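Please open the structure in your viewer and keep the sequence beside it, so that each stop on this tour can be selected in turn.

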Amino acid sequence: MNLKLEPLKTSHLTNMEAGQLIKRHLSDFATIDPALPSDSPFNAYIQYLTTQSALYQKGLAQVQASEETAKIALADQNRDIAVNAFSRGLKLYDLSDDPQEVEASRSLGLLFEKFKNLPGLNYEAESNGIDKLVEELQKPAYQAKVNLLQMNRYVTRLQTTNENFKVLFGNRMTAEAMTETYNLKVIRKEMFAKYSDFANYLLSMAKALNTPLFNASLNLLNTARKYYADILARRMALNAEEEKPSVN
């Protein structure tokens, strides 16, 4: 029997694919007949990869959670725009031909002057500042002027964008407080170093002993490796096709 290891450039796999490859191997190896004679090194490799795979999955979840940072930044940008929109809307009435509107604009402008630097504050300070501004604007003395200038939509926008931000930011803070930190790059490197050793061990033992345990294991290993090797091949072919210069 010409035994070999199916070639696979694991470094070319995405983080998600890398995690799925190991999970696939572990799932496949679990189907091997438990009545077959056991092998201590084989079991040690399986135990190590099982432990590392669990850590890797937690690291993946952490990376996905960090993507919430982009959503938080966008939510912060939206409320900054809402603050700017309120300011611009207010200034339109400075030049009104209605004295009541001019006075209402002046009064609201004095209030807003206390909050004009909101976008420059840190996240939580800005949240508190917008809460306070909206609270003031909803008091009877200012609410009448907001109604006169038809600026309720701007106040609502301030409140809504700030609430949206606080929900996202609060969720992240809670998750970070309850989540351990994992270095996905290091975990992946260590896991695949051991995985490479394991693959070579299976090949060597299958060649040396030609026993059902190692033959079955190597076959399962190669089946999964070929599946992912084919994925990489299709991806490379697609990328090469996209990079071809267009012919006019």
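**Before selecting anything**

This is a predicted model, in which local features need pLDDT of at least 70 and side-chain atom pairs count only at pLDDT 80 or more, while totals for chains, interfaces and linings use all residues. Residues are numbered from 1 along each chain as its sequence is written, and side-chain values use heavy atoms, with hydrogens and water left out.

**The whole chain**

Show the protein chain as a cartoon, and you will find nine helices and zero strands, where helices (H or I, at least four residues) and strands (E, at least two) are DSSP runs numbered from the N terminus. Turn the view along the principal axes, and the C-alpha atoms fill a box of roughly 100 × 55 × 25 Å. The radius of gyration of the protein chain is 31 Å, whereas a compact globule of 248 residues would have one near 18 Å; the value is taken over C-alpha atoms, and the globule rule is 2.2 Å times the number of residues to the power 0.38.

Now switch to a surface, of which the protein chain exposes about 15,100 Å², with carbon and sulfur atoms supplying 54% of it; this area comes from the Shrake-Rupley method with a 1.4 Å probe, and for residues only the protein chains shown count as cover. Buried residues make up 37% of the 248 residues, where buried means under 20% relative accessible area, exposed over 50%, and partly exposed in between (1.4 Å probe, protein chains only).

**The cores**

In soluble globular proteins, nonpolar side chains tend to be buried together. Select Leu21, Phe42, Phe198 and Phe214, which touch the most other members of the largest nonpolar core, a set of 37 residues. A nonpolar core is a set of buried Ala, Val, Leu, Ile, Met, Phe, Trp, Tyr and Cys residues joined through side-chain atoms within 4.5 Å. Helices H1 (15-29), H2 (40-66), H8 (184-209) and H9 (212-243) each supply at least two residues of this core, and the largest share, 12 residues, comes from H8.

Which residues is Phe42 in contact with, leaving aside its neighbours within four places in sequence? They are Ile32, Phe198, Tyr201, Leu202, Leu213, Phe214 and Ser217, where contact means heavy atoms within 4.5 Å. Next select Phe112, Val134, Val146 and Met151, which are among the members of a second, separate core of 19 residues.

**The loops**

Go to Ser96, in the loop between helix H3 (68-91) and helix H4 (99-113). Its C-alpha atom is separated by 42 Å from that of Thr69, although the two residues are 27 apart along the chain. Leaving aside neighbours within four places in sequence, Ser96 is in contact with Glu101 and Val102.

Then select Gln150, in the loop between helix H6 (140-148) and H7. Gln150 has a positive phi of about 55° although it is not a glycine, and with a relative accessible area of 63% it is exposed.

Continue to Asn183, in the loop between helix H7 (152-178) and H8, which counts as partly exposed at 45% relative accessibility. Select Gly59 together with Asn183: the two are 124 residues apart along the chain, and their C-alpha atoms are separated by 6.6 Å.
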